[in-house]
Every structure is written in C-alpha cells, then in structure tokens.
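Reader: I am new to this structure, and I would like a friendly walk through it. Could we look at it together?

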Amino acid sequence: MLEDKKQTFLANFVAKTADKDSSLAKQEALKALENLEFPTTREEYWKYTRVGKITNANYSQSPSFNVSDISRYLVEGLEAYIVVFVNGFFSEELSDISKAKGITICPIAKARKEYVDQFEQYFGGLSKHESQFFSAVNTVYNTNGVYLNIQKNSLVDKPIHMINLTDAENAAYNPRNLFVVEENAEVTIINSYETVSGSSFTNSTTEIYVKEGANVDSYILQNQSETSNQVNEIDVVQKANSTYTANTVTLNGGLVRNNYNIEVKGQGCETNLYGLYLTSGNQHIDNHTIVDHIEPNCESNEVYIGVMDDASTAVFNGKVFVRSEAQKTNAYQQNKNMLLTDNASAYSKPELEIYADDVKCSHGSTTGQVDEEAIFYLQTRGVSEVSARKMMIRAFANEILDNIKIDALRDILESKIDERFS
Amino acid sequence: MGKYTEEQLEKELETQEYKYGFVTDIETEKAPIGLSEDIIRLISSKKNEPNWLLEYRLKAYNAWLTMKEPEWAHVNYPKVNFQDIYYYAAPKPKKQLSSLDEVDSELLEMYDKLGISIDEQKKLSNVAVDIVMDSVSVKTTFQDTLAKLGIIFGSFSDAVQNHPELVKKYMGTIVPYTDNYYAALNAAVFTDGSFCYIPKGVKCPMELSTYFRINEAQTGQFERTLVVADQGSYVSYLEGCTAPMRDENQLHAAVVELIALDDAEIKYSTVQNWYPGDKEGKGGIYNFVTKRGLCEKNAKISWTQVETGSAVTWKYPSCILKGDNSVGEFYSVAVTNNFQQADTGTKMLHLGKNTKSTIISKGVSAGGSQNSYRGLVKINKNATNARNFSQCDSLLMGNKCGAHTFPYIEVDNKSAKVEHEATTSKIGEDQIFYCNQRGIDTESAIKLIVNGYAKDVLNKLPMEFAVEAQKLLAISLEGSVG
C-alpha cells in the first residue's frame, strides 16, 4: 500500500518532464527511488517533521500561468538581473538577463543542450539524490531552474534575483539550480519563493560549486502562502580560500524544510550560515544544516534565530563535522528561539562531531520568551507595551538582518517584520 | 634518570595497564549457558522468588524477544551473542557469617587489592558497603545502625524476600520492562542488586555504597537497583566498580530506578572503572545501563558520574521532573582512551511547574577513542517557568580521537528558559608551557589540567569518591601524551 502511495505521489510529476535528460545523476536517482520511501519521523534526519502534508496531497498539472506583473515580487530599489519562474517554468518575457556580462545564465533545460560538457561535469555531483527521497524526486523530475556560470575573476555587477512564483491550485514543481562560480569570481544571488495565488509544493534542489578564491553571497527568501509547502536542498562545495555566505529568511509557508549540505574542501575557507524564521498559525519550519570541515584552517559561523507565534513549530538541526585532517578549524554554531505562546514549540539540536584536536568549536542554544523586565523598563520610559514588544522582537531578529549586505533587501525585510508584529 | 632503563619502563607499563585486572579464584555455581524461559525459571527458583516476580520476568523476556538492539548510538562494536552468556553465576552459598573474620579470605584479599578493605571502610569512612560479587550480595555491613532508623538497605533478593510489598509497588514503575532492549533483558534475567528504602522524614546519616565487581569470565552482569526515598527524606548513594582483565567482551546491562517522593532528595554518585579493553581495543566491558529517577513535588535527584572504564558505554541517567518545584541535576566526567567508546548524557523531562535542571558534562577523549554527549531537555506544555542550564565541554588529545555533542532541546512552553552551550578544544599549549616552566613535566601538567577541567563535577562527589576519582582520571590518561 505504501508502494502505491509512492507511485501516486511520483505520478504527479511524470507528465511535466518534457526535457530529455540522460544524465548519470538521473539514472542514479531513478534507481534510488525504487528503494527510497517517504521520510518518516523514525529517521533521525526527519525526527521532528512529518511530511504527510506534502505526500498526501493531490497535485494538479497545469503548467499554464497568468502572471504578468511581477513588480511586487522585486526588491524595491535594487538593480538586479531577474530570472522568473512561474509554476516551475521559465518565463522569458518576465525575466531580464539580456545584458549580463562575464556570466552565463540560462534555464537549466537549455544548459542541458548547449553546455553539455559543463552539465555533465557538474550536474548531480553534489545533490543527495541517492539517499534523500526529495532530492531523488527532484533529480528525476526537475522541471526547470537556473544554470549559472560565473567566469574566472569576474565580479558580477548586479545581484542575480531568481523569483519563483506559483499561481495555481495544488501546483507541484521541482526547480533545479546549478551554480558554478569559477576562481576568484564574486556574485550575489537572491532566490525568492512567493505565492501569487493558490497552494503549491516546491521541491527545490540547488548545487553550488564555489571555486578557489571565489565569493558567493546568497539569500533565500521564503514567503509562500500557509497552504504551500517547500523542501529546499542546497548542496555546496567550497574550494580553497573561498567564502560562502547563506542568509535564509523564512517569513511564511506551511511546511518548510531547508537542507544545507556544505562541504569545505579547501584550506582558508569561510562559511557563514545565517537564518531567520518567523512562524505563526500552524506553520512548521525546519532548518537542517551540515557543515563538513574536511581541510584545515577554515572557519564557519552559523547563527539561526526564530520567533514562534500561535501554534507553530520550529526545528533547528545544525551539524558540524570536523574531520581528523581539519586541524585549526574554528566552528561556531548558535540557535536562539523565542516563543510567543504556549502552543508554539521549538526543537533545537545543535550537533558537533569532531575528530581533530587542534580546533575551537562551540555551540549554543537558547529558548525563552520576551524578557518581561525589559518590556517593563521600556514602559517606564514611555514606550507602549505593543511598541516595546515589537522593539524587542526586532532587536532579536536584527542579529540576522544586520548580516544582510544589500541595503534595499534589508529595508524590505525590516518593514515586513515590523508589519507582522504591529 | 640514568638508572631507569627502558626495560624497567616497559615492565612498569605492562603491570600498570589496568591496575585492578586480576581474577579471583572462587568456586562459582553457574547456570547453563544461554537464555531461554527455562533459564529464567531456574534463576527465579534459585532465588526462591514469589510467583509475581517470575511472571514479571517472563513478560519481560517475551517483550525482549520482540525488540531490536538499539543502533542509534555513536558506538561501534561486535554484536553480543546473547546465547553465549551465563545468566546466573553465584559464589556457592556458604554458612551464615556474623563477622568479617568469617568472610572468605580470598575475597578479603581482593577487596584489599581494590583498596576497599571493609575493615578500613567501616572504621574510617563511615560507609556501609553492600558488596556485590557476581550477582549475589556477599556481605552487608552497618545494617543494624540503619535498621534503627527504619532504613532498609540490602541486596535486591533480600528485599524481595523481606519486603515484597515495597518491591512490588515500585519495581519497574520508572523503568518498565518495555522501556528498551537492555532494560527488558535486565528485567528478565537480573540476578541481584541493591534495594534501599528511606522512610518518611529520615536523613540517612551515612553514604550508602555498593561496589560492583564482575568476576567470573563470560558472566553477564544484570543488576537492578531500586532506591526509594519517602517524603522528606534524604539519601546519598554511591556506586563504584572495577572489573578484572578479560579477553572476551562482557556485557553489563543494569537498571537503576530512583524514586524521590515529595520533598525528598536522592544523590546518586557513580565511579565506573570497568576494564576498558587493552591498547589494541581488544576485550573490555560493554556497559549498557538504564538509569532513571522520578521526582515528586519539591523533590531533588542529583546524578554524578565519573566514567573512565568500559569498552563501550551507553548510559543516560535521567530525571523525570513530575512534581512542581522539583530539581534534577546531572554532573558527568567521561574519560575515554585507546579504543574506548562512550555515548553518554542525560534526559531531563520537565513536567511540573517551576522545575529546574542543570547539566554539566565534561568529556575527555584521548588515543583512538570516541566520546559523545547525547542529552535531551524536554519542557512539557504544562511545565510553566521551567529552567534548564546545560554545559557540555569536550577536551581532545590527539587527532585520532573524536568528541561529539548531540543535544536535543524540545520546548513546548513559552515561559521556559533553556540554555545550552558546548565547547570543544584541546589543552592549551600555553597552559602546558606555564606548567613546564614551573617545573611540572608535561604528563603531570595534563593530569593537573584535566583534574581542574573536571573540578566542577568532581566537587559534587562525596569526599571518599572524589579522591578515588582523581586517581582514576590520572590512570585513565596515562600514556595519552604524545
């Protein structure tokens, strides 16, 4: 019976994979899918997250879309290359990538035909399609996504903003991105997920190759409807002296699961993972991160902050590996949760697995509520209770927002957060 | 230094490897090898047990048959063949003894080697010792003094005979036989252990203590300890162990249940120094223990453990903070060397209001060992104003070993305040340099620094144990400098 359920679920996707993909990864994923089942809470990796919401739904298959105005999904005041996908399909008319210099950017379906060598070399090299169900589904049934190649020594002049929209009822799609950032190149990438209307299931997988000395600053903004669910896997490999920074901001969504898998495969690397999640209603936001230090002399910082309202749930699971060769590693990991109601829950699991001795690693996790004494103090200074609470929550969230290097983006997020708690 | 030859050093190291490794030759009565319902019936009848206990054992056995060995822990070891173990071994019953003189001289010698001469213990340390040797309690001291206060302290089998109502009422209420694989196994085949009952309002005047010892080769040791502190009472309980050197892995699956009724306090301290296996990782004890305590209103349970022995340790002393204002504490030092593996930590389940818990865990890994902290802090939805503080530090010596931290923090109540912090690093070279500069050699410096690092926990131990524990830390880390 379980087998039937799996087949029914997979049948949601078959019709959409029009592109011919004969990659090895796809073959591997197809094979893996024969044995992989829906993840259950009996698995440690999915301990706090039930995927029934995703796997029990019936998805419609309507690739058509009616979005014509995307202005409200842009970052106001930010000049960027825009790539738009609606219901998983690339929209050439809504996108603006024509004048991009030093970079190759195109839908992944096109890259599969035009950049055969690179595609063969990189596609599926990092994704966990052999062990993770959703990753395998994405690898087999991916609809479209972005192929990005930043040439050696080039600094991309504007951020690249990928906008993923859905406007259908029960839309399910598998965006697949492949980013290759060559030696000493620098790029800023924004990936936003929004719902125009209806509900959706987004099963996204992104592979990012960060070559020697490259610098990638990436942002993921999740702001989908409460009936929309998302599984988002980001697989990164870093070469020597590179920097990779990820900011993940989850403002809305039904069930959201983010999986970061970062392999630090070179000396002198810096890895920064910052996350902010604000949950309300019955939302369930789950952030899983793995930072694997394989080579010596690297540093990683990780801070995840969450505010949980109503009957929502947040899960954080951070894992830092320090392999025996990775001496002189500094790894920091922190998770802070603020609960606003007694019906909200926070599950935190910061883990360290360390096999080298000359390291400095630490982690911390706190869970609490708004400090009532601080609220009282502010009230004695003439600040209303409502404003005081807003101020405290903003201050709490600012630890993440302060890391955002794009001013326009930070402003927007700040105002969205203020709006939410006023 | 000139006279000290390499040969001498070699000899010293050989003899020092495991100071307490020896086998005492005492006639042992054994049940046939393996496990079956018949063996359980045999154990039960040997121990002259009431019918309800036999039924309990059989239920546990049947539950065990349906269970699977847990594999989630960060340890790796050849599986135990449960049919290759003697489940019952007892020194042949000898005539009733009334004084120490009548105790088997071989036994006395063994305690001397361990440095726990009963004589000395009696006179100097004011400790009542219930010595368990291969599953059967041999000698109990100070019983009279305790009896005057109404304290019941003795072997589990005595308690079954003399206080069946208490045993029946509390046994298996904290760790039911369905709890886990090893708890089920223990419930089915436990041979003996300790039982302690402190009546209402009584403060136990001395530290109660049990020494465990695994002696007979291939004997799995399955103790069961039950400590009940009635309302407003206090008891401090010590448990310490050493085991002789053996090549084959020995299984130890104990169950400890603590019950602290309203306003009661239980302090439970353990020094564990079982045979950790040799330098190649051969042999050693498998220590799969289930320890759990229940706190009623205003009660307090405090676990302190110094873990230096065993090849594989799998142990999570836990507190169920059921009553309002109850307090749970866990202080642990775990040292692993050579090929030892430890996966240890605690669970703090906050159910009542204003409950508090503190976790201090200090891990030291050396050689090729793996040392993990695994802990759960759960704040239940109704546990208003719960408070937890956890600190888990790891110290690494060399790049062949591993130190891991797996904390689980689950909070379902907004008024909770939960803090967890952990650090992992090695001993600072500047600290060692400073010691060297003051004329302290590196090996001593490391002992000094490790003892200082573990001080927060060692301080929680009763005095007699603290001394022993410090020595143990030093012995465990011998030869780990390099």
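**A guided tour in questions**

Author: A residue is called buried if 20 or more other C-beta atoms lie within 10 Å of its own, exposed if 12 or fewer, and partly exposed in between, with C-beta atoms placed from the backbone. This is a predicted model, in which local features need pLDDT of at least 70 and side-chain atom pairs count only at pLDDT 80 or more, while totals for chains, interfaces and linings use all residues. Residues are numbered from 1 along each chain as its sequence is written, and chains are lettered from A and ligands numbered from 1 in the order in which they are written.

Reader: Where is the place of N87(A) in chain A?

Author: N87(A) is not a glycine, yet it has a positive phi of about 50 degrees. Most residues other than glycine have a negative phi. Helices (H or I, at least four residues) and strands (E, at least two) are DSSP runs numbered from the N terminus. On that numbering, N87(A) sits in the loop between β1 (81-86) and β2 (89-90) of chain A.

Reader: Does N170(A) count as buried, or as partly exposed?

Author: N170(A) also belongs to a loop, the one between β5 (160-166) and β6 (171-173) of chain A. Its phi is positive, near 55 degrees, in a residue other than glycine. Because N170(A) has 18 C-beta neighbours inside 10 Å, it counts as partly exposed.

Reader: How compact is chain A for its length?

Author: Chain A has nine helices and 20 strands. Its radius of gyration (taken over C-alpha atoms) is 21 Å, close to the 22 Å of the globule rule (2.2 Å times the number of residues to the power 0.38). So chain A, with 422 residues, is as compact as a globular protein of that length.

Reader: What share of the contacts in chain A between residues at least 6 apart in sequence join residues at least 24 apart?

Author: Two residues are in contact if their C-beta atoms, placed from the backbone, lie within 7 Å. Among the contacts in chain A between residues at least 6 apart in sequence, the share that joins residues at least 24 apart is 84%.

Reader: Which element gives the most to the side of domain 1 of chain A that touches domain 2 of chain A?

Author: The domain assignment, automatic or from a database, gives domain 1 (2-265) and domain 2 (375-422) of chain A. Their centres, taken over C-alpha atoms, are 31 Å apart. The contact takes eleven residues from domain 1 and nine residues from domain 2. On the domain 1 side, the element that gives the most, with three residues, is β12(A).

Reader: Which strand pairs with β18(A) over nine bridges?

Author: Strand β18 (residues 330-339) of chain A is mostly covered, with seven of its ten residues buried. Two strands pair if DSSP finds at least two bridges between them. Ten bridges join β18(A) to strand β16 (residues 299-308) of chain A, and the two run parallel. The parallel partner over nine bridges is β20(A).

Reader: Which element supplies the largest share of the side of chain A that touches chain B?

Author: The contact takes 33 residues from chain A and 32 residues from chain B. Both β19 (345-354) and β20 (360-368) of chain A supply at least two residues of the chain A side. The largest share, ten residues, comes from β19(A).

Reader: Which strand of chain B pairs with β19(A)?

Author: The pairing is antiparallel and runs over six bridges. Within it, S348(A) stands opposite I409(B). The partner is strand β23 (residues 402-411) of chain B, or β23(B).
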